[in-house]
Amino acid sequence: MGLTIACVFNDIEVRRHCLDRSLDAYRGPVEVEYLPVDNTDHAFSSAGAALNHAVRRAHHDVVVMVHQDVYLHDVDRLAAAAAALEDPRWGILGASGVTSGRQWAGRLRDRVILIGEPAPTPVEVDTLDEVLVMARRDDLLAEPLSEDPELAWHAYAVEYALRVRSSGRAAGAVDTAITHNSLTTNLARLAEAHRHVADHYPALVPIHTTCGTVDARDPSWRRLPIVQQHGWRRRWLRQSPAAARVRAALGVPVVLADIAHEVDLVDWSSETPLTLVNLDRAGGFAGPGGRPLLLERAGRPLVMSAVPDLAALRSTLAGLSPADPVLVTGLKIADLAPLSDLVGGDRWLAGVQWDEVWLLGGPAALDPPVEWSRPQAVPLTVGRPRVRVG
């Protein structure tokens, strides 16, 4: 089987460091045609226009459209996922999507955390994330991606999934073993793009996406100043009891923080790379994507790996030096007691992120960012952590 991999890029160094490196490392039997589309000079006004250009040049039956900051851990796994498109039921597949029950499907690494429920075979979803999607070339030629300026660089996979569903076929999420090493979050005109798809597919509203649920019309109360200024307090109140249990289990400082978005606030350097260990108890990622991988974030090296269970995690942590900055994600509160002999004291800090716990160890924990002293980050009854000043 052959695959055409298409990528529209505006930062060639990011593309070379992530997507290109992963393709260069592949030595398997799948024939890969790689079609990077240069948009550094803004030749294309939308993602749809750029990717449609690649589709017209493609030679293989399946076209995989992927972001420039993605690392493909296992091209053979990607090809196996693409083979599901032989079933005409599927109109489009992707690495990550949201079901009608608001469950994320498709296991992948997003920055430094694992997200999504495992989907070894495609799971039907409402919509797909644009990070990686694939479809039959003939379908994309007959029904190209939308080039509507209202979508621009957002929601083109969302719109295509809705179009597929409107035609009686299905959109599916499936495990593809990727790391999305995103450095930025582009939200400019995202609301407008979502409004556009809601207006064009009213029969499918509410529309569940990886960026939230799109209703027929957003409730007016969400725009009230008091809600926008104090909406964080709901999360703060819900997560604070969990933070107190983490504190009791390990005796270390605890913060409330989304480490996927705030990892770049952590202090590490080229001389002392950050070691990331994802606990993948749910499965779907550690097998094809667990081997250590060196990636950079804003020029700072990060050694990523994933393990399937606590025994493997203990072995990894035991092999590290106290001088090594380390980040562990994907933990539950019940996991902490079995780790307490390895994790504790003043060289560790814990974080609560909804229903998961992460741990930061080594010098980085001794000097946490000042942002973690914000009221939003300080759990009720746990107290304010020491933080880096300046």
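## A walk through the sheet and the cores

Start with the open sheet: seven strands in the order 17-22-23-21-18-20-19, with mixed pairing (strands are DSSP E runs of at least two residues, helices H or I runs of at least four, both numbered from the N terminus; two strands pair if DSSP finds at least two bridges between them). Select 254–256 and 293–297 next: strands 17 and 19 are the edges, each with a single partner strand, so one side of each has no neighbour in the sheet. From one strand to the next, the twist averages 25°.

Before moving on, note that this is a predicted model, where local features need pLDDT of at least 70, side-chain atom pairs count only at pLDDT 80 or more, and totals for chains, interfaces and linings use all residues. Numbering runs from 1 along each chain as its sequence is written, and side-chain values use heavy atoms, leaving out hydrogens and water.

Now pick 326–331 and 356–361: strands 21 and 23 pair antiparallel over four bridges. Val326 has Gly361 of strand 23 as its bridge partner.

Next, the largest nonpolar core, with 54 residues (buried Ala, Val, Leu, Ile, Met, Phe, Trp, Tyr and Cys joined through side-chain atoms within 4.5 Å; buried means under 20% relative accessible area, 1.4 Å probe, protein chains only). Among the members touching the most others are Ile259, Leu327 and Trp358. Helix 3 (75–82) gives the most to this core, five residues.

Zoom in on Ile259: its contacts (heavy atoms within 4.5 Å) include Val112, Leu327, Trp358 and Trp372, not counting residues up to four places away in sequence.

How values were computed
Axes fitted to C-alpha atoms, helices over the stretch in contact; angles between N-to-C directions. Buried < 20%, exposed > 50% of the residue type's maximum accessible area, 1.4 Å probe, protein only.
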